[in-house]
Structures are given as structure tokens and as C-alpha cells.
Amino acid sequence: MLKSLPIELPKRLRLANLPTPLQSLDRISDLYSLPYGGPRIWIKRDDLTESGMSGNKLRKLEFVAAEARAQGAQVLITCGGVQSNHCRTTALVGARLGFKVQLILRGKRTANPDGNLLLDELAGAEIAVYSPEEYSRNLQGLFDSWAAEYLSRGQKSFCIPTGASDGLGIWGYISASQELLADCADRGFSPDHILCATGSGGTQAGLTLGCHLLEAGVKVTGFAVCDSANYFQVKVREDISQWMAQSGVSLDLESLKILVNADYKGPAYGVAEPEVYQTIKELACLEGILLDPVYTGKAFHGLLQELKKGNYRGSDNLVFIHTGGQFGLFPHRAHFFPVAE
Ligand SMILES: *Cc1c(COP(=O)(O)O)cnc(C)c1O
């Protein structure tokens, strides 16, 4: 029997099409895993949570937007890189629910907006772009001054941190853990491993905590796309501590296993090695599934390398969470078909 969560979910606005499909990757399993004693590879299609709003951030924003509405906010303020999936999702969620959206973006504004930035514009979000230096030096100050600006216009703001990863946002993947374990049970197995890309840590935090509360006995590993393993050890624990304080549930954080693989993060956030682009092309050809170069491409590439090393040998079923990000493919088009200069 599947356990249910020992605590009630907070208020939530239904935005995602759930449950998302759980699919078996037959050709990947046959090529990379089963003949070598590895597990069957499954993919949880959280890239299909919606159309424009697709991806993992929508699960978190169901809880975050409900709280913003409960607090009487008219404006959502959030932040990220110029190609942030989280900002694009927030822009479209705001449009759907009638919030104004202010984005604080890191990077450079380009003449022809592409990918996620194009969608931010289409959704009518207000966009302010800052240099990476100013952004990292003064992010909290930027949130404060935008909130003060809207207040002076008589509008109340709700600030959402990077990736909606905090004690509230991680409810999205606590709840998704229950959904995923039920999907697996329907298909007649209980997973040995769950893998996801980790960037601001909330997806990993929610899955780790959810699977722990459900006593699923599964190992959840985050494949870092930036920063270090230690960074995510700390960040995931911070999100979970905040969740404990808000929910009144107490857990022994020391005994909670936080598993991070930082071997495939590549040169920097948003910058990938050529092999990652090859993996993206391979999965599109073999399975008809689109990964992105910033998150899922790096993580899935990492999974294939770990399978080649035999690191999942002896386990039966592994689930990769497809966290979305397809719009991020387009600004990277030149990496797929490089032309000699
Ligand atoms: C944000 C994001 C992630 C990482 O999720 P976090 O909760 O921020 O760690 C993974 N994949 C995609 C496509 C994302 O947009």
C-alpha cells in the first residue's frame, strides 16, 4: 500500500495538467542500460505540465500564487537569468491569474528577444535587466526597490525568490512525489532512483522530502547545473528547514540523505559542452523528447555517463524527471549545427 503524506497540503491554485505522463524510454534502456545490468529508464514528463507555462516551476507556482492571492497582492516580483524558465512561467501565470508581473533579469537585453524572453514580452511582463555584477551584488535591494515602487502606485507586491525555491515552493515537489510514486505503483514497480536537474534546489528539496515523508525507500539525486555539491547540500537543507518552520513538522535533518552529483555541470550556468548538445539531439531522434541545454540536457547527459560507468547496476527502475525548459533550445540553435567561420 502506498502511504499518503502525513500532513495536509496548503492552499493551491490548479494550473498544471496533472498527473503528467510517466513514460518508459525503451530505446535508451536497450542501448545504454538493460544489456549491461542497469535499470529500466523512465521519464516523468513534467515538461507537459502546460504549454507556455510548461515545466517544473508551474508545480511550485500553484502554491506560491495561492499564497500571493491570499495575501491580497496585485503584483508578482521575481528574478532570474534573461532566459529563465521560472520567469517565463511566472509571466504567463500572472497573465492567467490577473497579477501584474515584474521581472528582475540578469544579463543583457538583446535586439530580437528569443526563447523565454520573447514569451516574457508576449505575456506582458514588465522587464528590468541588470548586469550580472549589479544583480549579484544587490538582488535583495532590487526586490525592495521594485516593491516600494509598486507600493507608491498603490499596489501590493508578492516577492518570489529564484526558481520559487523556498519553504513554500517546495510543496510543488512534495506533492509531485506522491503523484510519481502512484504512477510507478500503477506500472507495477517502486523506483530505486529518482534523478532531476538541480539549479535553485527546490525541485530536489521537494522530491527528497516528499519521498522521505512517504517512506518510499528511493534515492533522489540532483544533477547540479551550476555551483557545487556543497552549495546544494546547504541550499536543500535551508529550504527544508524553512518548510519545517512553516509547517510545524520536525524532522532530523542530519539523517536526511541529500544526494548531489556535480560532475556534469560543465563550464558554467547556461554554458554546455558539445557532448550535451549531442545528447539532446540523440534523445530527440531516439525517443521524440526535447531536452534543454541549461538543465535537462546536462542532467540527462550525466545519467548516460553514469550508466556507462555501471553506477546504477543492480537496480531495476530509475525515473528521470523531465523538468521542462524546451524554449531554452532556440537561443542555442547555433550549437546544434555549427558552421565554420
Ligand atoms: C529551474 C529548472 C530546473 C531546476 O529546478 P530547481 O528547482 O530550480 O532546482 C530544472 N530544469 C528546468 C528546465 C528548470 O527550468
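**Exercise 1.** Which backbone nitrogen does the side chain of Glu-179 reach? Place Glu-179 in the fold and list its contacts.

*Solution.* The model is predicted: local features need pLDDT of at least 70, side-chain atom pairs count only at pLDDT 80 or more, and totals for chains, interfaces and linings use all residues. Numbering starts from 1 along each chain as its sequence is written, and side-chain values use heavy atoms, with hydrogens and water left out.

Step 1. The side chain of Glu-179 reaches the backbone nitrogen of Thr-20 at 3.0 Å. A polar contact is a pair of N or O atoms within 3.5 Å; within protein, one must be able to donate a hydrogen and the other to accept it, and residues adjacent in sequence count only if both atoms are side-chain atoms.

Step 2. Glu-179 belongs to helix H6 (residues 171-186). Helices (H or I, at least four residues) and strands (E, at least two) are DSSP runs, numbered from the N terminus.

Step 3. Glu-179 is buried, at a relative accessible area of 14%. Buried means under 20% relative accessible area, exposed over 50%, partly exposed in between (1.4 Å probe, protein chains only).

Step 4. Leaving aside neighbours within four places in sequence, Glu-179 is in contact (heavy atoms within 4.5 Å) with Leu-18, Pro-19, Thr-20, Lys-44 and Arg-59.

**Exercise 2.** Give the strand order of the open sheet of six strands, and then follow the pairing of strand E2.

*Solution.* Step 1. The order is E1-E2-E10-E7-E8-E9, with mixed pairing. Two strands pair if DSSP finds at least two bridges between them.

Step 2. E1 and strand E9 (259-261) stand at the edges; each has a single partner strand, so one side of each lacks a neighbour in the sheet. From one strand to the next, the twist averages 30°. Axes behind such angles are lines fitted to C-alpha atoms, for helices over the stretch in contact, and angles run from 0 to 180 degrees between N-to-C directions.

Step 3. Strand E1 (residues 22-24) and E2 run antiparallel and are joined by three bridges. In that pairing, Gln-23 stands opposite Ile-43 of E2.

Step 4. E2 pairs with strand E10 (residues 317-322) in the parallel sense, over six bridges. Here Ile-43 faces Phe-320 of E10.

Step 5. E7 and E10 also run parallel, with three bridges between them. The bridge partner of Leu-195 in E10 is Phe-320.

Step 6. Five of the six residues of E2 (residues 40-45) are buried, so this strand is largely enclosed by the rest of the structure.

Step 7. Helix H7 (residues 202-213) lies across E7, strand E8 (219-224), E9 and E10, at about 160° to E7.

**Exercise 3.** How many aromatic pairs does the structure hold? Describe two of them in detail.

*Solution.* Step 1. There are nine aromatic pairs. Rings of Phe, Tyr and Trp (its six-membered ring) pair if their centres lie within 6.5 Å; planes under 30 degrees apart count as stacked, over 60 as edge-to-face and the rest as tilted.

Step 2. Trp-42 and Phe-189 are stacked, at 4.6 Å centre to centre with 25° between the planes. Trp-42 lies in strand E2 and Phe-189 in the loop between H6 and strand E7 (193-198), so this pair ties together parts that are 147 residues apart in sequence. Trp-42 is buried at 7% relative accessibility, and Phe-189 is buried at 10%.

Step 3. Phe-300 and Phe-320 have ring centres 5.1 Å apart and planes at 90°, so the pair is edge-to-face. Phe-300 lies in helix H10 (residues 296-308) and Phe-320 in strand E10, so the pair ties together parts 20 residues apart in sequence. Phe-300 is buried at 0% relative accessible area, and Phe-320 is buried at 1%.

**Exercise 4.** Which residues does Ser-24 touch, not counting residues up to four places away in sequence?

*Solution.* Step 1. Ser-24 lies in strand E1.

Step 2. With that exclusion, Ser-24 touches Arg-40, Ile-41 and Trp-42.

Step 3. The side chains of Ser-24 and Asp-26 are joined by a polar contact of 2.4 Å.
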